[in-house]
Amino acid sequence: MEQEDIMLHYSVSAFSAAPREAIWALLVDPESWPRWSSLGELDRERSADLDPAGRDQVGAVRAFRKGKNVSREQITELQEPALFAYEAEFLPIIRDYRARVELHPTDGGTLIQWRGQYTTSWWSRWFTQRLLQRLVQGLADDLAADAARQNNRT
């Protein structure tokens, strides 16, 4: 008997001492991602509609290469400086991946909330849940830390 695919969700958060405008600038600039994230280098040949000024808009596709692995994400919604949403392809066992990064100003900084949903097979759910929770928490933490470092330099 074959098991059906299931929809899973994750939610992580991180705090940064930087204002949300500083975090926003990093999110919309694909050139900054290799510096603060674990996604690897920007693959311009597999990317599309990148803004030369580093302020990608809805529809831009970013490709990141780490070794032989390539992940691709397409920006689906932007509400400056509060919401960055995208859809991504990075593992064959993960489908229909959608994520939202929300930036909430707080006293002394910004709360980053990174939420996502995706479809996977029943048998891979445990692996994908742990993988994405750890990966995205690392992204949120690294984004928060880099924005704070960049903000302290200005």
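# Legends to the close-up views

**View 1. The second largest pocket and its lining.** Strands β4, β5 and β6 (95-106) each contribute at least two residues to the lining of the second largest pocket. The model shown is predicted, so local features need pLDDT of at least 70 and side-chain atom pairs count only at pLDDT 80 or more, while totals for chains, interfaces and linings use all residues. Residues are numbered from 1 along each chain as its sequence is written, and side-chain values use heavy atoms, with hydrogens and water left out. The volume of this pocket is about 170 Å³, and its lining consists of Val61, Arg72, Glu73, Gln74, Glu87, Ala88, Glu89, Asp96, Tyr97 and Arg98. By class, this lining has 3 nonpolar, 1 polar and 6 charged residues (Ala, Val, Leu, Ile, Met, Phe, Trp, Tyr, Cys and Pro count as nonpolar, Asp, Glu, Lys and Arg as charged, and the others, Gly among them, as polar). A pocket is an open set of points on a 1 Å grid over the protein atoms alone, where a 1.4 Å probe fits and protein lies on both sides within 12 Å along at least five of seven lines; lining residues have an atom within 4 Å of a point. Grid points are joined across faces, edges and corners, and a volume is the space filled by probe spheres set on the points.

**View 2. The largest pocket.** The largest pocket has a volume of about 440 Å³. Its lining comprises 20 residues, of which Ser38, Leu39, Ser71, Phe90 and Leu135 are the closest to the pocket centre. Two or more lining residues come from each of β3 (61-66), β4 (69-79), β5 (83-89) and α3 (125-153). Sorted by class, the lining holds 14 nonpolar, 3 polar and 3 charged residues.

**View 3. Aspartate 146 in helix α3.** Helix α3 contains aspartate 146, which is buried at a relative accessible area of 2% (buried means under 20%, exposed over 50%, and partly exposed in between, with a 1.4 Å probe and protein chains only). Leaving aside residues up to four places away in sequence, aspartate 146 touches Leu26, Arg35 and Trp36, where contact means heavy atoms within 4.5 Å.

View 4. Most residues other than glycine have a negative phi, and most peptide bonds are trans. Glutamate 80 and proline 81 are joined by a cis peptide bond with omega of about -10°, and proline 81 is placed in the loop between β4 and β5. Aspartate 49, in the loop between β2 (41-42) and β3, has a positive phi near 60° and counts as exposed at 63% relative accessibility. Aspartate 96, which belongs to strand β6 and also lines the second largest pocket, has a positive phi of about 55° and is partly exposed at 44% relative accessibility.

**View 5. The surrounding fold.** The protein has 3 helices and 7 strands, and from the N terminus on these elements run β-α-α-β-β-β-β-β-β-α. Helices (H or I, at least four residues) and strands (E, at least two) are DSSP runs, numbered from the N terminus. Of the 154 residues, 44% count as buried. Among contacts with a separation of 6 or more, 55% come from residues 24 or more positions apart. The C-alpha atoms fill a box of roughly 60 × 35 × 25 Å, taken along the principal axes.
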